[in-house]
Each structure stands twice: as C-alpha cells, then as structure tokens.
Amino acid sequence: MEWCVSMPKIELHAHLNGSIRDNTLLDLARALGDKGVIDFSQVEHVILKNDRSLSEVFKLFDLIHIVTTDHSSITRITKEVVEDFASENVVYLELRTTPKKNDSLGMSKRSYVDAVVEGLRAVSSVDVAFIPSSEEPTNLSSPLLSDASDKCNGNIRKKIFVRLLLSIDRRETTEAAMETVIFYAEVFWAKLSLFVTDLERYTHLLQVMLALEMRRFGVVGIDLSGNPAVGEWITYLPALIFARQQGLYVTLHCGEVSNSKEIHNMLDFLPQRIGHACFFEEEHWRRLKSSNIPVEICLTSNIRTLSVPTIDAHHFVDLYNARHPLVLCTDDSGVFSTSLSNEYNIAASTFGLGQNEMFELSKNSIEFIFGDNVVKEILRKTFDSAAKSLEL
Ligand code: 5GP
C-alpha cells in the first residue's frame with residue numbers, strides 16, 4: 001500500500017460530492033441538525049453505514065446534497081478533496097460535479113461552479129494548477145515534483161493539476177442539461193451587450209467564446225451520471241452533441257445496469273471515455289474494443305454496489321489482458337471509503353500486478369486525460385523522473 005501511495009497517479013473519475021470526507025459530512029450534518037433543518041440522529045447511521053447497494057448509494061447522495069448545497073460547503077469540500085488526492089500523490093485530477101441550482105440559497109449553476117473554483121483557489125498545502133496551458137509553466141524540463149522554485153524551507157511543495165468535468169444528472173430535463181453546457185454563454189452575451197435572438201447565426205462566435213470562457217475555469221468536459229435506473233440518456237443527447245461541438249470532451253456512465261439498447265447507443269455516440277461498463281454483453285465488448293474507447297474502472301465502487309459479483313470476476317482482467325485502454329479510479333472515495341492508492345493496491349493483490357505493471361498502468365492513463373498536450377508532456381516527465389526515484 002505504501003508503494004501505491006508513493007507512485008504518481010492520475011484520477012479521472014471522481015465525483016466531488018462522493019469524495020467528501022466522512023468527518024466533514026458529519027460536521028455539516030450536525031450543523032444542519034443544530035439549526036433544526038434535519039434530524040441528525042436519523043442521518044448519522046446512514047452516513048456511517050459501510051455496505052450500500054446502488055440504490056442506497058443514491059439515497060445517500062440525496063442526503064449529501066441536502067447537507068452540502070450551499071456555496072461555502074461546496075468550496076470547503078472542493079478544497080479538502082483536492083488536498084486528499086494530492087496527499088496520496090495524485091498529480092492530475094479530473095474532478096466532476098453536477099452544477100446545482102437552488103433559488104432559496106441564491107445558487108445558480110454558475111455560482112455553484114464559482115464556489116468549486118473558489119475551493120481550488122483556497123488550497124494552500126499544495127500548488128493547484130487549474131488554469132489551462134497558456135497560463136501553466138511552459139518550462140517542460142521542470143517536472144511537477146522537482147521545481148527548485150517550489151522549495152519551501154527545504155521541503156518540495158507538491159503540485160497537482162486539476163481539471164473540471166460538469167456532470168449532467170439523469171434526473172434532469174433536456175433544458176437543465178443544456179443549461180449546464182451553455183450557462184457560460186449567457187455571461188458572454190451579457191458582457192458584449194449583445195441581444196441575440198437568432199443563436200444559429202452566431203454559432204461560430206458563440207463556440208469560440210464559450211470554449212475560451214470555460215477553459216478559463218479549467219472545465220474540459222461533460223459527464224453523464226446519476227441514478228442509471230432513472231431516465232433515458234437520449235434526453236441529454238442534444239446537450240452532449242452541443243458540448244462536443246464546443247470542443248468539450250464527453251464521458252458517459254455506461255452499463256452500470258443491464259440496458260442493452262442504451263449501452264449500444266452510447267457506444268455509437270463514441271464518447272471519449274466511459275465509466276464502469278459492468279453489464280456489457282458480448283456485442284458491447286466487441287464494439288468497445290474495436291472503437292478503443294478508454295474505460296474508467298472503479299473496483300471498490302462496483303463491488304460495494306454489487307455491480308459485479310466478485311472482484312476476481314471483474315472485467316478489469318479481460319480488458320487489461322486485451323491491452324484495452326483503461327484507468328483505475330475511485331468514483332466516490334468518501335462514500336466507498338477508498339483512495340486511488342487503495343484501488344491500485346486491490347488491483348495488485350487481486351490480479352497479481354507487480355510494481356512495474358502498476359506504474360505503467362498509472363502512466364498510460366496520461367493518454368486518456370482531457371487536459372491538453374502541454375499538461376500531458378509535463379506529466380510524462382513527472383512519471384519519468386518518478387520512475388528513477390522509485391528505481392524502476
Ligand atoms: P456531485 O455531482 O453532486 O458532485 O456528486 C454526486 C453525484 O454524482 C450523484 O448525485 C450522482 O449523480 C453522481 N454519481 C456519483 N457516483 C455515481 C455512480 O457510481 N454512478 C452514477 N451513475 N452516478 C454517480
């Protein structure tokens with residue numbers, strides 16, 4: 001486990017509100033209990049319960065959202081989640097979250113994302129690089145962990161790249177999903193004092209400006225998640241197509257429950273990555289493998305939610321042996337009490353991966369990030385220099 005912690009890692013499938021620390025969740029719930037908003041004694045055991053089915057997990061998310069949906073808690077959670085990943089040597093993190101609107105708290109989807117960005121800014125224990133490449137160091141010869149300018153009292157400060165994915169929840173309407181993708185556009189039009197009724201005519205301008213604005217906040221992609229037993233993914237297709245047209249990457253939760261037609265159609269869409277892939281049938285595996293779509297594998301999550309029968313039977317083995325692109329991820333490190341190092345440790349002990357294989361698995365993940373080539377190049381150098389210090 002110690003070795004898994006020491007190795008640099010890439011996290012590409014982490015839900016913000018699923019990665020909340022237990023203590024923070026209890027803290028926030030207790031505070032709401034004191035205010036009389038919730039009955040703390042009723043929720044304490046729900047928070048502390050360890051084994052949860054998939055449907056219980058979504059009940060817990062409903063509770064988490066009651067407890068965390070104000071700007072300051074979102075900022076606090078973001079800060080802590082980034083600190084937690086950085087502390088176990090995650091050097092690149094794609095953090096996903098569903099922008100939420102709550103009129104009674106004066107929260108819009110935009111102000112929600114602002115609160116997340118505030119959380120990234122608030123981290124002081126490590127350097128957080130969330131501003132995209134034009135503002136990132138171009139000196140590629142300075143790998144993440146060995147930049148002399150980062151030495152503070154002789155200690156080397158850690159750095160972590162963070163990019164954001166905005167999630168669309170399967171309970172949302174088509175319009176709400178569109179709002180997640182285009183809410184920045186409204187700001188642009190306001191800034192330019194343009195009153196545009198015919199968006200079609202301005203599509204190209206809108207695309208360029210939208211992409212630029214989103215990049216400023218480190219948003220690189222869109223995720224479709226939420227309870228897989230709810231809704232039809234087709235509802236969100238317009239927003240996903242629009243996102244893709246803006247140059248945003250798309251990742252889909254795919255095959256978390258048995259739904260052959262949906263899996264088939266999702267693979268047809270050719271997302272840049274998919275998450276889980278637990279209920280794939282022969283035909284789906286064939287299509288997945290021929291299209292080379294990388295899979296975000298969440299071992300603990302799949303076991304805890306009974307999405308795979310046993311860890312030995314996990315599809316990781318088949319994909320790994322077939323050299324299919326895959327990346328180990330936590331999904332919800334708080335909800336499932338795990339960490340990325342733990343996921344590597346499980347893969348090592350269950351599937352017999354040695355240190356070199358784990359390191360390669362981790363390093364290969366660089367190729368599937370939604371961050372740009374400058375970041376990829378810096379990460380490759382980081383891994384190369386780590387390989388030397390780990391004597392691989
Ligand atoms: P948030 O988006 O609020 O930051 O993170 C929690 C949300 O992520 C949940 O409400 C749910 O929509 C989504 N989520 C977290 N874990 C899972 C998962 O394992 N499967 C799916 N489909 N969605 C998830």
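I start with Thr97, where a polar side-chain atom lies 2.6 Å from an oxygen atom of the ligand. By polar contact I mean a pair of N or O atoms within 3.5 Å. His65 also has a polar side-chain atom 2.6 Å from an oxygen atom of the ligand. For Asp331, an N or O atom in the side chain is 2.9 Å from an oxygen atom of the ligand. The ligand alone exposes 510 Å², and the protein buries 99% of that (Shrake-Rupley areas, 1.4 Å probe).

A word on provenance: this is a predicted model, with local features needing pLDDT of at least 70, side-chain atom pairs counting only at pLDDT 80 or more, and totals for chains, interfaces and linings using all residues. Residues are numbered from 1 along each chain as its sequence is written, and side-chain values use heavy atoms, leaving out hydrogens and water.

Now the shell. How many residues surround the ligand? There are 17, and the closest are His65, Thr97, Thr98, Lys100 and Glu256; the cut-off is a heavy atom within 4 Å. By class, the shell has three nonpolar, nine polar and five charged residues, with Gly counted as polar. Helix H4, residues 54-68, gives the most to the shell, with three residues (helices are DSSP runs of H or I, at least four residues).

Technical notes
Polar contact = N/O pair within 3.5 Å; in protein donor to acceptor, adjacent residues only side chain to side chain. Helix = DSSP H or I, 4+ residues; strand = E, 2+ residues; numbered from the N terminus.
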